[in-house]
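Trainee: I have a structure open and a few questions about it. Can we go through them one by one?
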Amino acid sequence: MREGEFFGLLGPDGAGKTTLISIIAGLNRADAGSVSVHGHDVVSDFRQARQQLGVVPQELVFDPFFTVRETLRLQAGYYGLRRNDAWIDEVMHHLDLSAKADANMRSLSGGMKRRVLVAQALVHKPPVIVLDEPTAGVDVELRQGLWQFVRRLNRDGHSIVLTTHYLEEAEAHCQRIAMLKDGRIVALDTTRNLLGSFSGLEFRVHLDRESLPAGVPGRVIEADGGQFRLRLANHLELEAALARLREAGASIREMEVHPPDLEEVFLRLTGRAS
Amino acid sequence: MTRFATLWHKELLRFFKVSVQTVAAPVLTALLYLVIFGHALEGRLQVYEGVRYTSFLVPGLVMMSVLQNAFANSSSSLIQSKITGNIVFVLLAPISYLEFFAAYVLAAVVRGVVVGAGVLLVTVWFVELRLEAPVWVLAFALLGAALLGTLGLIAGLLSDKIDQLAAFQNFVIMPLTFLSGVFYSIHSLPPFWQRLSHANPFFYMVDGFRYGFFGVSDFPPVASLAIVAAFLLVVSFVNLALVKSGYKLRS
């Protein structure tokens, strides 16, 4: 991963995303190999490595003994920082937590607790921020606010590592993506290249007849009455398909063309394509 | 230093915030022991020359409270953090295993000493108590609390569930405390049980602690202190090795 990058880690359940993050964060130990954060090995130079990292865990964990502000002050102290209330206030402000600063953690809603987890990961201004499924179970409003804040952090120079199930989130935010399957990387490229490497189109068309005229290019994925879903290689094939339909005298009632999305890339790479 | 101090501070806050449960309750329990055993046995038992039974009992109850609460503090804090998952906040931070160990054990020492002092403060109004050698009192209280805090941390590390921890408490800590001579002098026991009591580390803590009050003991206090210190050293070593390896903390 490169400095300042917004990096996505995708994969199905059990692919090893959280395990990988746990190894980076020092929560798990790797059976083999090594990991370093900004040049600091996560085992032999754990102090420096962990100082560089802010991890937002996937589970909604909290300590019921403390208020939001106490939680954040303690977390800052664990990183060797005393009296950084100015930054704590700023983080709380950006995450809309200021009004809840003195509320006990127990009294917060799930979404609010998630925000505190994000704030905890940021108290020591880490250059690398790891978000493990940050939007799981989070409402739309918070999701938007969270992404705005994370993008801002990325613009300010923080490197972001994101794991997510939601491919559209990765597509929208990540510059580069690694796809994991069974603990191995099956693809590692820029989001644009990954999408570009599958330049296929999905052509959905509703005709006035039940059978598709012969000679229409592409592969039929689905045919239901007069509705057809075809996989085409590119826009030239699309043009040819339309010309063939016209020739055959078929009239088009409705049509849609879908560009490739990450989901498709993902399914093909992980071997689950239809 | 800030890292250790913060974790220590957090551990102290944790029990101070619920001090009714963590300080007041054990003080009340000790007071009940004093009332019941004192009433039942006063005048029937004389352990040391010129020392009333209730006076003999108080230092034992104080030490018992110190030990049990030191154990309870580190063990329950750790198991709760493990079960709720919030231990992750400490594990993610650049806190060394030594800082982790010291913070938990020293917080347990504070809890033990605070509860012990509370028991002493409450009971001292009802019984006559001498204080012959306060340095011994302090030394045994601190070492004993540290030993039990360390044992508590080990129990918390080894346990995955509250009932495993409770088993440790009920089948190891409780019998060892009750059989340590809190309520009697081991000299009143048959020879076999006297010898067996010498294998119980808790006996040396209670006996040495009591020496600080009356200047009399069943066993030489210097030897007791050395034995307690040796136990503390061994148990700390085991504990540090466990924390360093990340046993049941980091997989």
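Mentor: Begin with a definition: helices are DSSP runs of H or I with at least four residues, and strands are runs of E with at least two. Keep in mind that this is a predicted model.

Trainee: How many helices and strands does chain B have?
Mentor: Read along the sequence of chain B. The pattern is α-α-α-α-α-α-α-α-α-α. The count is therefore zero strands and 10 helices, by the DSSP runs.

Trainee: Why is chain B called as compact as a globular protein of its length?
Mentor: Compare two values. For 251 residues, the globule rule gives 18 Å.

Trainee: What share of the residues in chain B is buried?
Mentor: A residue is buried if 20 or more other C-beta atoms lie within 10 Å of its own. Apply that to the 251 residues of chain B, and the buried share is 49%.

Trainee: Now chain A. How far apart are the centres of domain 1 and domain 2 of chain A?
Mentor: Domain 1 of chain A covers 6-195, and domain 2 covers 198-269. Take the centres over C-alpha atoms; the separation is 41 Å.

Trainee: Which element gives the most to the side of domain 1 of chain A that touches domain 2 of chain A?
Mentor: Nine residues of domain 1 of chain A are in contact with eight of domain 2 of chain A. On the domain 1 side, α7, β8 and α8 of chain A each give two or more residues. With three residues, the one that gives the most is α7(A).

Notes: Residues are numbered from 1 along each chain as its sequence is written. Chains are lettered from A and ligands numbered from 1 in the order in which they are written. This is a predicted model: local features need pLDDT of at least 70, side-chain atom pairs count only at pLDDT 80 or more; totals for chains, interfaces and linings use all residues. The radius of gyration is taken over C-alpha atoms; the globule rule is 2.2 Å times the number of residues to the power 0.38. A residue is buried if 20 or more other C-beta atoms lie within 10 Å of its own, exposed if 12 or fewer, and partly exposed in between; C-beta atoms are placed from the backbone. Domain bounds come from an automatic or database domain assignment. Two residues are in contact if their C-beta atoms, placed from the backbone, lie within 7 Å.
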